[in-house]
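Here is a short report on core packing and backbone geometry. Please look over the sequence and the structure first.

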Amino acid sequence: MCGIVGYVGFKQASDILLEGLRRLEYRGYDSAGIAVSDAGEIAIRKKAGRVQELGKLVERNPVHGTIGIGHTRWATHGSPSDINSHPHVGGNGEVVLVHNGVIENYAVLKNHLQALGYVFRSSTDTEVAAHLVAHELSELIKMGEDPEDPKTAIKAVEVAIKQFKGTYGLGVLFRDFADMMVAARLGSPLVVGMGKGEFFLASDASPLSGHTQEVVYLSDHEMAVLTPQGMELHHRDTGLHAPNVQVLQQTSQESDLNGFEHYMLKEIFEQPETIENAMRGRLDEDEATAKFGGLNLTPQQLRRIDRIVLTGCGTSWHAGLVGEYLIEEFARIPTEVEYASELRYRNPPLSTTTMVFAITQSGETADTLAAMRECKRKGHPTLAICNVVGSSIAREADGGIFLHAGPEIGVASTKAFTSQVTVLTLLALYLGRLRNMSYPAGSRIISHLQAMPDAIRKTLECHEQVKEVARRYCENENFLYLGRLYNFPVALEGALKLKEISYIHAEGYPAAEMKHGPIALVDERTPSVFIAPRGHIYPKVMSNLEEIKARKGPVIAIACEGDAKIDQMADEVIYIPYVEEYLQPLVCSIPLQLLAYEIAVLRGCNVDRPRNLAKSVTVE
């Protein structure tokens, strides 16, 4: 969850580190810190709170040097505070490091180190790592290793990380080797940017854009040694090896606000383009189907698949629910959606003809990665629907489909959700055409998909109307979100958005399930948001709406333009254009995203950095 940056080169490190931490702040913003090495000393500046607080501290008390590491924290072990902020010091200052991940056996290691006389100042698991590296360095020197040889320090890291149980992404500096940084990875992402006489380290590619176009994504059990003279890459099992250098796809402009007040609002308004990007080059009008270049399975192999499991977390799980409905309707393949956090520890009876799709924006979600690895280990075709090229899940999956949505900076996912739903619609079309779907049916789906970007643009025109609704209901403390069939997952997603960024309690339900218990929550202070566009179960949804109104519950309806009936019944109506039922999640999610956004703004919440959350959940 935390963000790591590092720099080795010839420029002042502090400026690069602070810029990188600002770009990584969506990964965690409880505290931040940097350490810069210069003339045999490592200067540390760290501060609880946002990166801007660290920036003020560094401005008052500058640090100088051309090699350094930085960290922005999402707290796991230890509350957010100055003392728990990274970087952490090992021994008597000979080691300084930053860490992303969780060291599960830290308590055992800490007890051992305390018995040896090491003094702990924080309540983090990371300080254990710092002291352990320092201890192993001391032990190696006692055993006759050369204290002036950098290989001794590298070996100390190797010995220390073999004792860790859990996950880590590490950036390590040594006081006595002032031009060297060591990075190591197991389960927590790290990427190295390669420049001319300089190297960059980061948890993801966003801090590297604008600095370099060549990157190396570290794999589990890999360790990179960075100096101004070059990079060495070591693997635990295979030793020293050449790096796999890739071209960085991201540009620095993609991380700019472009005049919007918040990243979330910017990303909501990018959705016409991101949906176009998800479909670009993937619609085959001649064959009335979709096409993909990265599934790595032949049509013959795909026809033998008789069951599909979609797995993900949070918003990706909601997209998977839409995908379940789509695949079962279009392709007639039994499909189920599993929480990745549960699937990784279950042992469900999956046959050899079951295909697993991991759905993830970041490609680094720890639970989804672990679930995918478990299914892959058992021999199932395991594919990914992912946004980030070079991410762990994208690299480890047998194949997959990229979203091409561009960086999503806002912690509350918006454009990734609609891109995932778009890709799942294409996948359902493709699988359907491999089986029983007719050519005319495939052609109709393609024409409707091609019209979606314009439908989204039309839907975004509801923004001003949503603002008025938000003003009237921003003080309410409980919301219900109700939808049926394709719009049930949208109700779940709408409720999640409101919870995430406005801290209002909200629940999503199938509308017909209200009378089986949740209707007891309805009163004058609990608005119900009905997702009620026209469709074959529209009359049933209207009956559910009347049940709420009979109990004096306020109703906010998402409805198709021209729907005069719902206008007479609901307290508020937000109008959207009509689209086919299977595409309604794409348009219906837009006003719900905007409603959550506007309510959060009115309540003074930090929209892009909601409390207790981080964008990429890389710890269990």
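Start with Leu 431. Setting aside residues up to four places away in sequence, Leu 431 touches Leu 302, Ile 308, Ile 327, Ala 331 and Ile 333. The model is predicted.

Leu 431 belongs to the largest nonpolar core, which has 93 residues. Within that core, the members that touch the most others are Ile 308, Ile 327, Phe 357, Leu 431, Met 452, Phe 479 and Tyr 481. A second core is separate and has 33 residues. Among them are Val 95, Leu 97, Tyr 118 and Val 225.

Now the backbone. Where is the cis peptide bond that joins a residue to Pro 87? The partner is His 86, and omega is about 5°. Pro 87 sits in the loop that runs between β4 (67-73) and β5 (88-90).

Two residues other than glycine have a positive phi: Asn 296 and Tyr 503. The table sets out their values.

| Residue | Phi | Relative accessibility |
|---|---|---|
| Asn 296 | near 60° | 57% |
| Tyr 503 | near 65° | 25% |

Asn 296 lies in the loop between β17 (289-290) and α8 (299-303). Tyr 503 lies in the loop between α17 (487-502) and β24 (505-510).

Are these residues exposed or partly exposed? Asn 296 counts as exposed because its relative accessibility is 57%, and exposed means over 50%. Tyr 503 counts as partly exposed because its relative accessibility is 25%, and that class lies between under 20% and over 50%.

Terms used
Residues are numbered from 1 along each chain as its sequence is written. This is a predicted model: local features need pLDDT of at least 70, side-chain atom pairs count only at pLDDT 80 or more; totals for chains, interfaces and linings use all residues. Side-chain values use heavy atoms; hydrogens and water are left out. A nonpolar core is a set of buried Ala, Val, Leu, Ile, Met, Phe, Trp, Tyr and Cys residues joined through side-chain atoms within 4.5 Å. Buried means under 20% relative accessible area, exposed over 50%, partly exposed in between (1.4 Å probe, protein chains only). Contact means heavy atoms within 4.5 Å. Helices (H or I, at least four residues) and strands (E, at least two) are DSSP runs, numbered from the N terminus.
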